[in-house]
Amino acid sequence: MNIQARPYDHPDAVKLEAEVQQEYIERYDGEGDTTPLDPTMFEPPRGLYLLAYDDRDRPVASGGWRAQDENGEGYADGDAELKRMYVIPDCRGLGLARRILAALEDDARTAGRTRMVLETGTAQPEAIALYTSSGYAPTEKFGHFRDYPDSRCFAKPLTP
């Protein structure tokens, strides 16, 4: 697998975004993730968006981080928020999400961020398992879905 930095509005990113939104709709019986995101949020040095490609140059996984600082949604100064982690169904179980997660943590740390935070939900037990096995611990709720009962928030210090 080949992991590449791409803009959040790259055609391959848009394709995977549509797929992950459909999965959110199915898992949560709703309208998907309505968190407002702008492609500029993922531009270095205040963010990064990664796509993984298979040996046929097909986009198969994605993930990004964006800088956050203290605000009314519960973030803290120095936060890097993980967004849009997704692996297409036929490539799950290959370690792609773990590789993307590690690359995003390294990049956020290099950019001076001190904590990686993320929000997921109870209908994504495999995501929760990935994050907890990667050193993330439950934290106070933050962000767009902080008032939803099935929302779960996690954090991990980005120590050198």
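**Entry 1**

I began with proline 45, which sits in the loop between H1 and strand E2 (47–53); helices (H or I, at least four residues) and strands (E, at least two) are DSSP runs, numbered from the N terminus. I note that this is a predicted model, in which local features need pLDDT of at least 70 and side-chain atom pairs count only at pLDDT 80 or more, while totals for chains, interfaces and linings use all residues. Residues are numbered from 1 along each chain as its sequence is written, and side-chain values use heavy atoms, with hydrogens and water left out.

The peptide bond from proline 44 to proline 45 turned out to be cis, with omega near 10°. Aspartate 29 lies in the loop between H1 and E2 as well, and has a positive phi of about 50° although it is not a glycine. For context, most residues other than glycine have a negative phi, and most peptide bonds are trans.

I found a positive phi at arginine 84 too, about 55°, and again this is not a glycine. Arginine 84 belongs to strand E4. Buried or exposed, I asked of aspartate 29? Aspartate 29 counts as exposed at 72% relative accessibility, whereas arginine 84 counts as buried at 5%. My cut-offs: buried is under 20% relative accessible area, exposed is over 50%, and partly exposed is in between (1.4 Å probe, protein chains only).

**Entry 2: helix H1**

I counted 18 residues in H1, with 26 Å from the first C-alpha to the last, close to the 26 Å expected at 1.5 Å a residue. The expected span is 1.5 Å times one less than the number of residues.

Which residues of H1 are buried? I listed Ala13, Leu16, Glu17, Val20, Gln21, Glu23 and Tyr24. They cover an arc of only 160° around the axis, so they lie on the same side of H1; the arc is that of the directions from the helix axis to the C-beta atoms. Pro11 and Glu26 are exposed on the other side of H1. A reminder to myself: an α-helix has 3.6 residues a turn, so residues three or four places apart point the same way.

I looked at valine 20 on its own, and it is buried at 2% relative accessibility. Valine 20 and leucine 37 are 17 residues apart in sequence and 14 Å apart in space, C-alpha to C-alpha.

**Entry 3: helix H2**

H2 has 15 residues and reaches 21 Å from first C-alpha to last, close to the expected 21 Å. Its buried residues are Leu96, Ile100, Leu101, Leu104, Glu105 and Ala108. These too cover an arc of only 160° around the axis, which puts them on the same side of H2. After H2 comes glycine 112, whose phi is positive, near 95°.

What does its side chain meet? I found a polar contact of 2.6 Å to the side chain of tyrosine 136. (A polar contact is a pair of N or O atoms within 3.5 Å; within protein, one must be able to donate a hydrogen and the other to accept it, and residues adjacent in sequence count only if both atoms are side-chain atoms.)

**Entry 4: glutamine 68**

Glutamine 68 is in strand E3 (residues 59–68). It is buried, with a relative accessible area of 10%. Its side chain makes a polar contact of 3.1 Å with the side chain of glutamate 81.

**Entry 5: the largest pocket**

I read a volume of about 910 Å³ for the largest pocket. On a 1 Å grid over the protein atoms alone, a pocket is an open set of points with protein on both sides within 12 Å along at least five of seven lines, a cavity is a set where a 1.4 Å probe fits but cannot get out, and lining residues have an atom within 4 Å of a point. Grid points are joined across faces, edges and corners, and a volume is the space filled by probe spheres set on the points.

The pocket has 38 lining residues, and Tyr24, Met85, Thr120, Gln124 and Ala127 lie nearest its centre. E4 gives the largest share of the lining, seven residues.
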